[in-house]
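Me: I have a structure open here and have never looked at it before. Can you walk me through it?

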Amino acid sequence: MESGSTGVGINTNFGDTAQLTNVCSTGKPTTANMCCRYEGTTPGNEPTKIGCGADSSCVYTNVGTC
C-alpha cells in the first residue's frame, strides 16, 4: 500500500470483515491503519470511525512495512 490514511475500511455493524495477507505499506497508511472499522450508516451520511488495527474482523497475515 502506498499513500493514504487508511488501507481498508469496513462497517462492522453490517457484518463486514477483511483479511489482509502478504501486504506491505511504505509507511502511509501505517500498519495499524491498514484496516479501520466504522459504524456504518444510511446512504449520504458519513460513518463513525470505531478503531483501526488487527482484530477478529480485520485479520492480518504477514503484514508489515516495505
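Reply: Start with Arg37, which is buried, with a relative accessible area of 12%. Keep in mind that this is a predicted model.

Me: Where does Arg37 sit?

Reply: Arg37 is in strand 3.

Me: What does the side chain of Arg37 make a polar contact with?

Reply: One partner is the side chain of Asp55, at 3.1 Å. A polar atom of the Arg37 side chain also lies 2.8 Å from the backbone oxygen of Gly53.

Me: Which residue forms a salt bridge with Arg37?

Reply: Asp55 does, and the closest N and O atoms of the pair are 3.1 Å apart. In general, side chains of opposite charge can pair when their charged atoms come close.

Me: How many salt bridges does the count come to?

Reply: The count comes to one salt bridge.

Me: Is Asp55 buried, exposed or partly exposed?

Reply: Partly exposed, at 32% relative accessibility. Arg37, at 12%, is buried.

Me: What else does Arg37 touch?

Reply: Leaving out residues up to four places away in sequence, the list includes Ile10, Thr12, Thr48, Lys49 and Ile50. Gly51, Cys52, Gly53, Ser57 and Cys58 are also among the residues touched.

Me: Cys58 is in that list, so what element is Cys58 found in?

Reply: Cys58 is in strand 5. Its relative accessibility is 1%, so Cys58 counts as buried.

Me: What is Cys58 in contact with?

Reply: Setting aside neighbours within four places in sequence, Cys58 contacts Ile10, Ala18, Cys35, Arg37 and Gly53.

Me: And how far apart are the C-alpha atoms of Cys58 and Asn13?

Reply: They are separated by 13 Å, and the two residues are 45 residues apart along the chain.

Me: Back to strand 3. Which way does strand 1 run against it, parallel or antiparallel?

Reply: Strand 1 (residues 8-11) and strand 3 run parallel, joined by four bridges. Within that pairing, Gly9 stands opposite Cys36.

Me: How do strand 3 and strand 4 pair?

Reply: In the antiparallel sense, over four bridges. Here Arg37 stands opposite Gly51 in strand 4. As a rule, in a regular strand the side chains alternate between the two faces of the sheet.

Me: New topic, the backbone. Where is the cis peptide bond?

Reply: It joins Lys28 and Pro29, with omega at about 10°. Pro29 belongs to the loop between strand 2 (18-25) and strand 3.

Me: What about phi of Asn22?

Reply: Phi of Asn22 is near 55°, which is positive in a residue other than glycine. Asn62 also has a positive phi, about 55°, and is not a glycine. For background, most residues other than glycine have a negative phi, and most peptide bonds are trans.

Me: Where do Asn22 and Asn62 lie?

Reply: Asn22 lies in strand 2, and Asn62 lies in strand 5.

Me: Is Asn22 buried or exposed?

Reply: Exposed, at 59% relative accessibility. Asn62 is exposed too, with a relative accessible area of 59%.

Me: Now zoom out. How many helices and strands does the protein chain have?

Reply: Zero helices and five strands. From the N terminus on, the elements run β-β-β-β-β.

Me: What size of box do the C-alpha atoms fill?

Reply: Roughly 35 × 25 × 15 Å, taken along the principal axes.

Me: How much of the chain do buried residues make up?

Reply: Buried residues make up 24% of the 66 residues. The chain exposes about 4,000 Å², with carbon and sulfur atoms supplying 47% of that.

Me: Last one. What share of the contacts with a separation of 6 or more comes from residues 24 or more positions apart?

Reply: They account for 61% of those contacts in the protein chain.

How values were computed. Residues numbered from 1 in each chain as written. Predicted model: local features only at pLDDT ≥ 70, side-chain atom pairs only at ≥ 80, totals over all residues. Heavy atoms only, no water. Salt bridge = Lys/Arg side-chain N within 4 Å of Asp/Glu carboxyl O. Buried < 20%, exposed > 50% of the residue type's maximum accessible area, 1.4 Å probe, protein only. Helix = DSSP H or I, 4+ residues; strand = E, 2+ residues; numbered from the N terminus. Polar contact = N/O pair within 3.5 Å; in protein donor to acceptor, adjacent residues only side chain to side chain. Contact = heavy atoms within 4.5 Å. Pairing = 2+ DSSP bridges. Areas by Shrake-Rupley, 256 points an atom, 1.4 Å probe, with all protein chains shown as cover.
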